[in-house]
Amino acid sequence: MNEVIVINVEEHGHGERLDSFISDEIERLSRQYIQTLIKEGHVLVNGNNGRASLRLKEHDSIRVEVPEMQEILVEACDIPLDVVYEDSELLVINKPKGLVVHPAPGNWDQTLVNALLFHVKDLSGINGKLRPGIVHRLDKDTSGLIVVAKNDASHRGLAEQIKDHSFNREYIALVHGVIQENLGMIDAPIGRSKKDRKKMAVEPNGKQALSQYSVVKRYRNYSLVNIKLLTGRTHQIRVHFAYIKHPVLGDSTYGSGRNPFGLESQFLHARLLGFIHPLTGSYMEFSCDMPSELQAIINKLDLSD
């Protein structure tokens with residue numbers, strides 16, 4: 001059965017291209033696939049066939065029909081998992097840097113999903129065959145905690161908390177420069193970059209994005225910060241800190257990638273998760289230490305300062 005998704009354009013979508021707007025709204029669909037749907041007549045704007053380059057207006061109504069996908073066999077792979085917590089409804093995993101969360105063209109195995117299929121009997125099916133159990137994501141090169149749902153009811157309960165911003169997510173990052181304020185809030189909308197469509201950026205017509213931070217320690221040329229996400233936009237932390245001229249150390253996409261420590265990716269770790277258990281109603285909170293390679297950098301800075 002085909003899936004039908006209706007999206008009403010709000011102020012942040014005014015002036016956006018149809019294809020890029022849909023890819024931001026339905027992140028599980030690639031922009032290339034969305035363009036195919038548009039060409040094949042599966043996307044209507046105010047009841048009329050759309051075109052990829054159509055500039056949207058506030059209050060436009062978009063109807064996206066996603067044809068039932070042919071079954072893709074995602075194989076279970078015996079990849080070790082660091083399980084922090086597990087019960088009948090969910091599990092919390094400490095994801096290592098370098099592990100992709102779900103399969104996609106060019107990487108159908110060696111992902112977190114492949115590992116879950118090997119180690120876990122039941123997973124929620126809300127996000128389809130390619131993302132079973134996946135409630136939220138971490139970038140490939142971001143380490144740390146991620147929660148996985150074992151059934152659809154728990155998935156909905158967790159997803160609702162993310163939607164209403166009651167899901168607690170905290171990260172630790174080492175950023176370039178010395179941040180003067182002890183506490184701060186970055187309130188800057190994020191959308192697809194108009195200069196480089198492969199990147200996100202602070203854009204006036206983007207979606208609201210809020211990052212609350214506190215400085216843990218200042219060094220000569222860096223600041224160690226704890227960041228609490230109040231929204232969950234793609235690459236939010238990396239975009240926000242680049243925007244305030246304090247890019248994350250090692251981030252070659254939104255910063256220079258410059259660092260004297262030989263770090264091959266960004267210094268960003270999901271250190272804490274807190275949420276209401278979807279079955280028991282009790283608040284649960286989990287934390288994990290930084291990976292050894294990140295802690296080694298902090299140790300060097302502590303010695304040099």
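Strands, as named in these legends, are DSSP runs of at least two residues, numbered from the N terminus. The model shown is predicted.

**Close-up 1. Asn-226 in strand S13.** Strand S13 spans residues 222–229 and includes Asn-226. The relative accessible area of Asn-226 is 14%, and because buried means under 20%, this residue counts as buried. The side chain of Asn-226 makes a polar contact of 3.1 Å with the side chain of Glu-170. When neighbours within four places in sequence are set aside, Asn-226 is in contact with Glu-170, Tyr-171 and Ile-172, with Gln-212, Tyr-213, Ser-214 and Val-216, and with Arg-271.

**Close-up 2. Asp-24 in helix H1.** Helix H1 is formed by residues 18–25, and Asp-24 is placed within this helix. Asp-24 is buried, its relative accessibility being 14%. Apart from neighbours within four places in sequence, the residues in contact with Asp-24 are Glu-16, Arg-192, Met-200 and Lys-207.

**Close-up 3. The start of helix H3.** At the start of H3, Thr-111 and Val-113 approach each other: a side-chain oxygen of Thr-111 comes to within 3.3 Å of the backbone nitrogen of Val-113.

Close-up 4. Helix H3 covers residues 112–119, and its buried residues are Leu-112, Val-113, Asn-114, Ala-115 and Leu-116.

Conventions:
Residues are numbered from 1 along each chain as its sequence is written. This is a predicted model: local features need pLDDT of at least 70, side-chain atom pairs count only at pLDDT 80 or more; totals for chains, interfaces and linings use all residues. Side-chain values use heavy atoms; hydrogens and water are left out. Helices (H or I, at least four residues) and strands (E, at least two) are DSSP runs, numbered from the N terminus. Buried means under 20% relative accessible area, exposed over 50%, partly exposed in between (1.4 Å probe, protein chains only). A polar contact is a pair of N or O atoms within 3.5 Å; within protein, one must be able to donate a hydrogen and the other to accept it, and residues adjacent in sequence count only if both atoms are side-chain atoms. Contact means heavy atoms within 4.5 Å.
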